[in-house]
Amino acid sequence: MDIVKIDQPITSERIAEKISLTRATLRPDLTILTMMGILEARPKVGYFYSGKSLLSVMGSFIKNMSVMDIKSMPVIVSEDNTVYDSIVTMFLEDTGNIYVQNNGSLSGVVSRKDFIKVTLGNHDIKTLPVAMIMTRMPNIVCVEAHESVFDAAQKIIHHQVDSLPVVEKLEGEDGKFKIIGKVSKTTITRVMVNIGNE
Ligand code: ADP
């Protein structure tokens, strides 16, 4: 990148010469830098520096990646599930947030802290329905299919929650949403690990 910045436009032969490598050795690196939009290649002229930093390329990458490409499977229970059974489900499914639905539409979210809070009170958690302790609609922060990984990450940070249901509007039912996935802090961390591995 430094060589191209100084000597642009510059051919791959000349770059290779400058760092005593063959063109063939250099080719994969130039391909990656071109694909990432950091370098621009013009036939018969050579390489130009696009002016985009690695950070701005990463920025557009996460803004263009849809939540649909990274979403995970949510754990869903119904409103009449007891708090006790929902806690058991949380352990068995090894998750931190459970989504609650009623007649096929998202009605609530329960987290570890919600369960801890209810067990501190004088409740019979074996009969108490999860609907009594969940955070309910319309107070649930969600993402829809058209939103990006960056949008999801911003909402998670802004609203200080561990996950967001990925939802789809239910036709003809105002304010009702079908749950189609989940984006969590873990899902987004996995994206970072994948980018690192690439
Ligand atoms: P934890 O209990 O481990 O801190 P969260 O930060 O996800 O987990 O949950 C904190 C509170 O926010 C809980 O009361 C939970 O019901 C609620 N909550 C979790 N996810 C959402 C969401 N997407 N939208 C609105 N409220 C949420």
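**Salt bridges**

The side chains of Glu147 and Lys155 form a salt bridge with an N to O distance of 3.0 Å; the term stands for a side-chain nitrogen of Lys or Arg within 4 Å of a carboxyl oxygen of Asp or Glu. The model is predicted, so local features need pLDDT of at least 70 and side-chain atom pairs count only at pLDDT 80 or more, while totals for chains, interfaces and linings use all residues. Residues are numbered from 1 along each chain as its sequence is written, and side-chain values use heavy atoms, with hydrogens and water left out.

Glu147 has 12% relative accessibility and therefore counts as buried, whereas Lys155, at 22%, is partly exposed. Buried means under 20% relative accessible area, exposed means over 50%, and partly exposed lies in between (1.4 Å probe, protein chains only).

Over the whole structure, eight salt bridges are found. One of them joins Asp7 and Lys18, whose closest N and O atoms are 2.9 Å apart. Asp7 belongs to helix H1 (residues 2-7) and Lys18 to helix H2 (residues 12-18), so this pair ties together parts that are 11 residues apart in sequence. Helices (H or I, at least four residues) and strands (E, at least two) are DSSP runs, numbered from the N terminus. Asp7 is partly exposed at 25% relative accessible area, and Lys18 is partly exposed at 45%. Arg42 and Glu40 also form a salt bridge, with 3.8 Å between the closest N and O atoms. Arg112, Asp162 and Lys185 are linked in a salt-bridge network.

**A buried lysine**

Lys182, in strand S9 (residues 177-184), is buried but has no salt bridge; the nearest side chain of opposite charge is that of Asp162, 8.5 Å away. For charge, Lys and Arg count as positive and Asp and Glu as negative; His and the chain ends are not counted. The Lys182 side chain does make a polar contact with the side chain of Thr95 at 2.8 Å. A polar contact is a pair of N or O atoms within 3.5 Å; within protein, one must be able to donate a hydrogen and the other to accept it, and residues adjacent in sequence count only if both atoms are side-chain atoms.

Strand S5 (residues 105-111) contains Ser105, which is buried at 6% relative accessibility. Leu106, also in S5, is buried at 4%. Beyond its neighbours within four places in sequence, Leu106 is in contact (heavy atoms within 4.5 Å) with residues including Tyr99, Met137 and Phe177.

**Ligand site**

The ligand is surrounded by 16 residues, counted when one of their heavy atoms lies within 4 Å of it. The closest are Ser111, Lys113, Asp114, Thr135 and Val141. A backbone N or O atom of Lys113 is 2.9 Å from a ligand oxygen atom, and a polar side-chain atom of Arg112 lies 3.4 Å from an oxygen atom of the ligand. A polar backbone atom of Val141 is 2.9 Å from a ligand nitrogen atom.
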